[in-house]
Amino acid sequence: MSDKVLIYDCTLRDGTQGEHVSLSVHDKIRIAEKLDEFGVHYIEGGWPGSNPKDAEFFDLARTMTWRTAKIAAFGSTRHWKNPVDQDANIKALLDAGTPTVTLVGKSWDFHVHEALGIELVQNLQIIRESVAYLKSFGKEVVFDAEHFFDGYSANADYALSVLGAAAQAGADWLVLCDTNGGRLPSEISRISSVAVRRFANVGIHTHNDSELGVANSLAAVEVGAGMVQGTINGYGERVGNANLTSIIPNLELKMNRTAVGREKLRGLGSLAHFVAETANLAIANTQPYVGKSAFAHKGGIHVSAILRNTRTYEHVEPESVGNNRRVLVSDLSGKSNILYKIREFGDIDLDRLDLDAFLREVKRLEYEGYQFEGAEASLKLLVNHHIGGTHQPFTVKGFRVVVDQADGAYLSEATVKVAVDGDQEHTASDGIGPVDALDLAVKKALRRFFPELESVHLTDYKVRVLDAKQGTAAKVRVLIESTDGIESWTTVGVSTNVIEASWRAIIDALLYKLVFRKATVEA
Ligand SMILES: [Zn+2]
């Protein structure tokens, strides 16, 4: 058995069946380029017979050079009424001009009767003719046996005769599909091994309806399947397809098989995030291997062990899949988290820090509603303050925000008074909302003293209402992400007043730039 497993990506076809997945032709081309770069072996571009957008994808793909991947067009076997050479769907598959064509055919007797309304032998005939016709044009043919596992359970002989018909007609791959996503790994193993014993080049295509898409794909590979079909981030119909971003690292790192190779695997995280961004979807923090929390450590005991040896609480090296280790600071943690985090900052003199006093301060702030896990810039400023680092470069003497409504239009205006070494500045600014007005006004006031603040922009603003403790007003926590075009950083502010919380986060964002990012502008 070869150690090579071919990766067949269905993101652009099955993946776009997902409820919230919508990709333009341009998006699809960009994703295909990334998949090719990452090293998948097949990219299923779409169903050219089903919509003009997919046909357009193939027109573009034909003019491009692909390094590792073969582009595949997907479609069904001919309609039972049409002669194969006059079937519009088969013609569209040929017109797509791809080296590979994937044909889906029925393998469950129940579906042949119910969905197609034809006799079992007729279905075999349709499959034979469709495969043979495409082979006569020199196409590589992948045959997807729809509902294979359900079909096998209902009528094993018939399901196998469907594979036999496709193989005899020249199909290069026979792919067993768990179309409804309802089967267990033990069933997939047992049934796949029957197919593997009889036929060469068996592949697997599973859906995740029982949350077993990954497990079922790996079960088939274990008994000899040489091709895995799936999608990036598990996008797909209903709850999705088998997730390639978990399957590929499992194959490479756990099963010692070669899919894209260990070197390319380091690009997994970036590929997963690229596809998510392009589809305008967020990757869950808890998504295995590529999620933000996949290698995040929070508990104090875990962190002190991780500091000694990363293998204590990590199943693989985060870098091997293009992710990072993160140590979270929270009230669950002991000194070791803080130590790790501060060491990560790199430019803080640890000898000068009274760690116990600092830790007490972090816990006090967390009790007030601060959370530094997502606001490392504010944490760094706090450490800096504790070791008596750079003093406050400016002081805020006061601010005022006014929101007006006139004729249905809202206007926000902020005035800010600051002082730098006794020199005062008083300015006003309009903004889209009160926070924007404040942000613009304070930067305007400081511009004369610190021109480098010109490059700082607010890129994200999040407000979370915190549970009110007994007898107190509810607090809000504001997280602000800023950038100077080179680096991004996040700061936090907490208050019962949303403007005050925002103001604190804005001031921290500007301080961070002045204290830690000054050199980058002067350089
Ligand atoms: Zn599918």
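This is a predicted model: local features need pLDDT of at least 70, side-chain atom pairs count only at pLDDT 80 or more; totals for chains, interfaces and linings use all residues.
Strand β12 (residues 409-420) is tied to β13 by nine bridges, and the two run antiparallel. Residues are numbered from 1 along each chain as its sequence is written, and side-chain values use heavy atoms, with hydrogens and water left out.

Zooming out, β11-β12-β13 is the strand order of an open, antiparallel sheet of three strands. β11 (395-406) and β13 (423-431) sit at the edges, each pairing on one side only. On average, neighbouring strands are turned by 10° against each other, direction ignored; axes are lines fitted to C-alpha atoms, for helices over the stretch in contact, and angles run from 0 to 180 degrees between N-to-C directions. Helix α17 (residues 434-446) packs on this sheet and touches β11, β12 and β13, at about 145° to β13 (contact means heavy atoms within 4.5 Å). Helix α18 (residues 498-516) lies across β11 and β12, at about 130° to β11.

Elsewhere, the axes of helices α5 (residues 120-135) and α7 (residues 156-168) come within 8 Å and cross at roughly 25°. That makes the pair roughly parallel (angles under 35 degrees; over 145 is roughly antiparallel, 65 to 115 roughly perpendicular, the rest oblique). Among the contact residues are Leu124 and Ile127 of α5 and Val162 and Ala165 of α7.

Notes: Two strands pair if DSSP finds at least two bridges between them. Helices (H or I, at least four residues) and strands (E, at least two) are DSSP runs, numbered from the N terminus.
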